[in-house]
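Please view the model alongside the text.

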Amino acid sequence: HHKDAPFLHKKFPPYFMWGTATASYQIEGAWNVSGKGESIWDKFSHAGVIHNQDTGDVACDSYNKYKEDVQLMKEMGVTHYRFSIAWTRIFPTGKADSYNAAGMQYYKDLVAELKNNSIIPMATLYHWDLPQQLEDVGGWLNDTVIEHYRDYADRVFSELGDDVKLWLTFNEPFVTCWLGYGIAVHAPGKYEKPGVDPYICAHNIIRSHAKAWHTYDDKYRESQRGKISITLDADWKEPKTNSSADRAAAERAEQFKLGWFAHPIYKNGDYPKVMKEFVAKKSKAQGLPVSRLPQFTEAEKCMIKGTYDFFGLNHYTTQYVADKEDSSYVSYDKDQDIDVTVDPNWASSGSSWLKVVPWGLRSLLNWIKYEYNNPDLYVTENGVSDKNGTLNDTFRINFYNGYINNVLKAIDDGCNVKGYTAWSLLDNFEWRQGYSEKFGLHYVDFDDPDRPRETKDSAKWFKKLINTNGWEELKDASSPKYHPD
Ligand code: GBH
């Protein structure tokens, strides 16, 4: 089993890309500067619902300090930087007629600064900060959002596409749809119909993604020659026991979370079979005439299928899944008939949901290889939190050492992994948890109005790893070293 495999002392392939990631609302601040419109996260955080009543109003002040951020990356020797673009800087109302040149200029400046420092930009169009004015008419539940998103993507491609060659349409749509419209942990904080709204949200995001991909493909690919895909979050779902029921349950859980988005895009334009079966079955038991899971038309299936150039994967953790009938209430999570637990032996982190399970990443990468016909893949996020932000973050180094070594093993298994992106460049606004959970390779002092950055040991370690492109081969093969974990 993967968890028993010894540490691999070996280098990555020469083309392998190394980077760090951030997102607009988590680092930029300047929430109402230079024409920017209000986003759902501005409104949500201003309502005082975040831990410690934190907001992203200033965050890391990267709107003003982006040149310093680029120097931190230059010092580490990264090949790429994954950042996101705030829709509300480009179109403050969400709609094309509100175009704001000053907002676009910020990203032009950032991209130019990256270029001057030989760092490849990887831009995410949507990392959860929907224009509030679109939310006021239903947000991702109203399918008119699709055309507005397409217009936004089109404008960004046309203005930045000469210099940006790696695009991601959406970051983790699962989180938008389940945490935003299912359980109200994230903006916009809706929890009216958890058995209906998350499915509608996903339906509209998948169609928005496909429209943006085709816009790029039709209008820009030939001249700009970039690549565009989506970034999906997936945990590894390990069967609780070896029973066929638990193995089927773990597979089902992976299909309900990752397959929800990946199956339409990477396979056949439609939701996973098991998901369609289970939601239909549960809907029928409720006495509904049709399934709560919406259906794509045949034309939409054709439009959605194959809208990718690579697989973008965010991965952090693993859970055990067991089979368990559950009809306690009507909800996306109860539609799955699963029981999810963690192993008490797995190390904890600064985030309750994040247990340290390095081998889960290798298992997941192999599952993706098998399920989606081994696409080129970038790990677009992976990392770990603590609560204190210590500079001597040996814990974080051990995390990265273990997870990145499992990426290397997956490459040895034949997985087409082309790059790895650490979350995050900086300590930043960790959504509902505010500034209390710190994922940074650099410490940020949020009590100082200047938001000074300090290098953690993990950033120095990452620099060395990048410089070696992995690990040196062991001279004495007869005494293999095992990772301390
Ligand atoms: C990623 O989400 C995000 O892309 C990134 O913005 C974020 O900073 C990073 O991970 C670290 O969290 O509040 O207990 O209900 C990863 C998926 C979704 C996992 C939100 C944690 C909140 C759990 N995350 N979820 S809780």
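Where is the place of Lys438? Lys438 sits in the loop between β11 (417–423) and β12 (442–444). Strands here are DSSP E runs of at least two residues, helices are H or I runs of at least four, and both are numbered from the N terminus.

This is a predicted model, in which local features need pLDDT of at least 70, side-chain atom pairs count only at pLDDT 80 or more, and totals for chains, interfaces and linings use all residues. Residues are numbered from 1 along each chain as its sequence is written, and side-chain values use heavy atoms, without hydrogens or water.

Lys438 is buried yet lacks a salt bridge. Buried means under 20% relative accessible area (1.4 Å probe, protein chains only). A salt bridge puts a side-chain nitrogen of Lys or Arg within 4 Å of a carboxyl oxygen of Asp or Glu. The nearest side chain of opposite charge, Asp427, is 4.7 Å away. Lys438 also touches other residues, including Arg396, Phe446 and Lys456; contact means heavy atoms within 4.5 Å.

Now the sheet. Three strands form an open sheet with mixed pairing, in the order β6-β8-β9. Pairing requires at least two DSSP bridges between two strands. The edge strands, β6 (236–239) and β9 (338–341), each pair on one side only. Strand β8 (residues 318–323) runs antiparallel to β9, joined by four bridges.

| Helix | Strands | Angle |
|---|---|---|
| α10 (residues 244–268) | touches β6, β8 and β9 | about 125 degrees with β8 |
| α13 (residues 358–371) | lies across β6 and β8 | about 95 degrees to β6 |

Key:
Axes are lines fitted to C-alpha atoms, for helices over the stretch in contact, and angles run from 0 to 180 degrees between N-to-C directions. Buried means under 20% relative accessible area, exposed over 50%, partly exposed in between (1.4 Å probe, protein chains only). Lys and Arg count as positive and Asp and Glu as negative; His and the chain ends are not counted. Lists of a residue's contacts leave out its neighbours within four places in sequence.
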